[in-house]
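Please find below a short note on the model under review.

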Amino acid sequence: MVVTGVGLILAALGIALLARVATGVRRRRNEPSTGAHGTGMALGGGLIFWGALLVVIDMWNS
């Protein structure tokens, strides 16, 4: 049950990070890119993936 909570928190953080990065990209169109937005999107997607995987595995084993 604790693993499910951790997975949900990871997924929520990933969603928040993706939303922040996506809105920041729109605001800074005229500035040169540092590549940080791509890194933020990858990190957010990874957090969502691993969080969802933890939830699925915990539900599968209970």
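1. Val3 lies in helix α1, where helices are DSSP runs of H or I with at least four residues, numbered from the N terminus. With a relative accessibility of 38%, Val3 counts as partly exposed, because that class falls between buried (under 20% relative accessible area) and exposed (over 50%), with a 1.4 Å probe and protein chains only. The model is predicted: local features need pLDDT of at least 70 and side-chain atom pairs count only at pLDDT 80 or more, whereas totals for chains, interfaces and linings use all residues. Residues are numbered from 1 along each chain as its sequence is written, and side-chain values use heavy atoms, with hydrogens and water left out.

2. Val3 also belongs to a nonpolar surface patch, together with Val2, Val6 and Leu54, and the accessible area of these residues together is about 310 Å². Patches consist of residues with over 30% relative accessible area and no salt bridge; nonpolar side chains (Val, Leu, Ile, Met, Phe, Trp, Tyr) are joined within 5 Å, and like charges within 9 Å. Areas come from the Shrake-Rupley method with a 1.4 Å probe, and for residues only the protein chains shown count as cover. Helix α1 (residues 2-27) supplies the largest share of the patch, 3 residues.

3. Thr4 is likewise found in helix α1, but its relative accessibility of 8% makes it buried. Leaving aside residues up to four places away in sequence, Thr4 touches Val55, Asp58 and Met59, contact meaning heavy atoms within 4.5 Å.

4. Asp58 is placed in helix α2 (residues 36-61). Beyond residues up to four places away in sequence, Asp58 touches Met1, Val3 and Thr4.

5. Asp58 is buried but has no salt bridge, and Arg20, the nearest side chain of opposite charge, is 29 Å away. A salt bridge requires a side-chain nitrogen of Lys or Arg within 4 Å of a carboxyl oxygen of Asp or Glu; Lys and Arg count as positive, Asp and Glu as negative, while His and the chain ends are not counted.

6. Ala16, in helix α1, is partly exposed at 45% relative accessible area. Its C-alpha atom is separated by 10 Å from that of Leu47, 31 residues apart along the chain.

Terms used
Helix = DSSP H or I, 4+ residues; strand = E, 2+ residues; numbered from the N terminus.
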